[in-house]
Protein chains: 2
Amino acid sequence: MPIMPFSDALPDPLPVLARAVAGCSNHNSVGGVLFVHAIVLDVNFLYITETAARETLEQVMADALSKSGSNRSAVRAVCLAVSGVNHPTDQQRILTWLRDIFPTQVKLYVRNDAVAALASGTMGKLHGCVLIAGTGTIAYGFTEDGREARAAGAGPVLGDWGSGYGIAALALTAVIRAHDGRGPHTMLTSTILQTLGLSSADELIGWTYADPSWARIAALVPVVVSCAEAGDEVANKILKEAVQELALSVKAVVQRLGLCGADRKNSFPLVMVGGVLEANQRWDIGREVMDFISKDYPGAHPIRPKVEPAVGAALLALNEFMKECVQEAYRR
Amino acid sequence: MPIMPFSDALPDPLPVLARAVAGCSNHNSVGGVLFVHAIVLDVNFLYITETAARETLEQVMADALSKSGSNRSAVRAVCLAVSGVNHPTDQQRILTWLRDIFPTQVKLYVRNDAVAALASGTMGKLHGCVLIAGTGTIAYGFTEDGREARAAGAGPVLGDWGSGYGIAALALTAVIRAHDGRGPHTMLTSTILQTLGLSSADELIGWTYADPSWARIAALVPVVVSCAEAGDEVANKILKEAVQELALSVKAVVQRLGLCGADRKNSFPLVMVGGVLEANQRWDIGREVMDFISKDYPGAHPIRPKVEPAVGAALLALNEFMKECVQEAYRR
């Protein structure tokens, strides 16, 4: 199945005027990542993705505006796409921060970062489903009339099993189980120990708990893929189960929103984002997930975004801003 | 199958002269728990279980000795049973601390805390297998000629799936999956939300990551058991899988050590310790695990210790001390 952009309405390449990045990552806390990417798109819009502490937010916005040769007075709309934002109370708290920085006439939008990832593949239109599988995983969807649903995205303790962390933790577990005599021998043992510079499976325990970063564990996914490609059965089983988990998240969202229509054949965009889905190797997790989904929903239209999620947030703000302008014009 | 003590050689009740507890628990770090239980057993022995920071160690030992109306000069042997001690280097570090506190003639022993739990059921003799299932889980075994083996005990990231944490995390996951439309409806949803005082499954995510303590999650095991007893299929499946995981750990140890003999029928003690195995409810996880093991190893002799693991460490020190005395007497 070909992977192509869903909309070509906007200029290519997009007119990104400036970008700025600031902050530091806060281990594991959902909604606590402090990296801020500020993208200045076109002259009049400032868009930011990822959770930000208040000061980091101010700093990176000033930085991006300065790089774009612009200032606050030129900003028309800001979209902040924040991981872990699910409740109106989360949104309100962040809107309050933003409102302290920007004057009343600036439109402000705060959304879950998965929404920005969807927008990065649909040129800002909120319709269809996005599947993100990086360190974590989430599926998030919208109908054209504005209903939304999500699945997964609850972190590693709560069953994000197809995520990079989930895949790698199962691989580490397979090494321990083989060592204990609780599981079959696997090539993962020698490959992972060599990658980490460890001399025995016992040492994996110390390595695992020495640092609570989920991303550090998820970084082992390529090792699992290479073992699977070399024919290791344990690694293949882990990846096949991850494919099923990821497909299940998408199906749950599509089903709840009825994106596929009554006959299950309607067309809808399926945006695929994240390192786990981007692996350009023989064992292609993203392609396998797509094959699984296509069996049930032949209208699912896969999109690999050409732009980063931060630009998706920018497009989202642009779309929302334009919609509001049109509505206001009708009211007048 | 009756559950009875394996040995009646020692007086009942045991002559515990004093006990002291000190320290604070250090979330999640394997080997970082600072609770110290000091037990003074008989006049001449001081025994301590659990990992201890050096100062806590000194403080609690002084406290226990004072309570027993004794002092350092009366101590003949010390056994420190420490969670996470697996390598000779770990042992050596702690032995050095102890050696700074006690004079040369005092015998010092440092072991994994699972070894003390085994000794608590075998009256100090290192033979057979112990299965611990509390917040975490581990199986640890010894042959009479001193070979040892373990399985599991690698923490929640590395597949301790039958542990209290493992059971409860799967129950929380089942709630999220039902909410997402990725899994079947389950009674766990209403029961867990009510127990935690939450109003929606979405709020579980915040609750889960608000505190990294594994024990806080494991505390939900009784809720899972009650849902299983009320007939909930999801809860029953989680408990049945936990039973298989726990039995598998024991079987791996028994198999590697050949505790069951060539015909798989030899008798050996199987000590069962921890909250998950002690549940006196209709759904009795410990009994189910035992039934599973008995099918393969009819000689497995279940023991529920009457004394705590700290007393097991005491018995271990007594046994080792007496063995060394006998050996020294032969040498003279």
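Modeller: In this predicted model, the contact draws 36 residues from chain B and 36 residues from chain A. Together the two chains bury about 3,000 Å² between them, with carbon and sulfur atoms accounting for 61% of that area. On the side of chain B, 25% of the area buried against chain A is supplied by B:Leu158, B:Arg182 and B:Tyr209, more than by any other three residues.

Polar interactions also cross the interface. There are 16 residue pairs in polar contact between chain B and chain A, both residues being at pLDDT 80 or more. The elements of chain B that give two or more residues to the side touching chain A are β8 (148–152), α4 (164–180), α6 (202–209), α7 (214–218) and α9 (233–257). Of these, α4(B) gives the most, with 9 residues. By residue class, this side of chain B divides into 20 nonpolar, 8 polar and 8 charged residues.

As for charge pairing, 2 salt bridges are found across the interface of chain B and chain A. One of them joins A:Glu245 to B:Arg177, whose closest N and O atoms are 3.0 Å apart.

B:Arg150 lies in strand β8 of chain B. B:Arg150 is buried yet has no salt bridge. Its nearest side chain of opposite charge is that of A:Asp202, 4.9 Å away, whereas a salt bridge requires the nitrogen and the carboxyl oxygen to lie within 4 Å. A polar atom of the B:Arg150 side chain does, however, lie 3.3 Å from the backbone oxygen of B:Gly153.

Terms used. Residues numbered from 1 in each chain as written. Chains lettered and ligands numbered in written order. Predicted model: local features only at pLDDT ≥ 70, side-chain atom pairs only at ≥ 80, totals over all residues. Heavy atoms only, no water. Contact = heavy atoms within 4.5 Å. Buried area = accessible area lost by both parts, 1.4 Å probe. Polar contact = N/O pair within 3.5 Å; in protein donor to acceptor, adjacent residues only side chain to side chain. Helix = DSSP H or I, 4+ residues; strand = E, 2+ residues; numbered from the N terminus. Nonpolar A, V, L, I, M, F, W, Y, C, P; charged D, E, K, R; others polar. Buried < 20%, exposed > 50% of the residue type's maximum accessible area, 1.4 Å probe, protein only. Lys, Arg positive; Asp, Glu negative; His and termini not counted.
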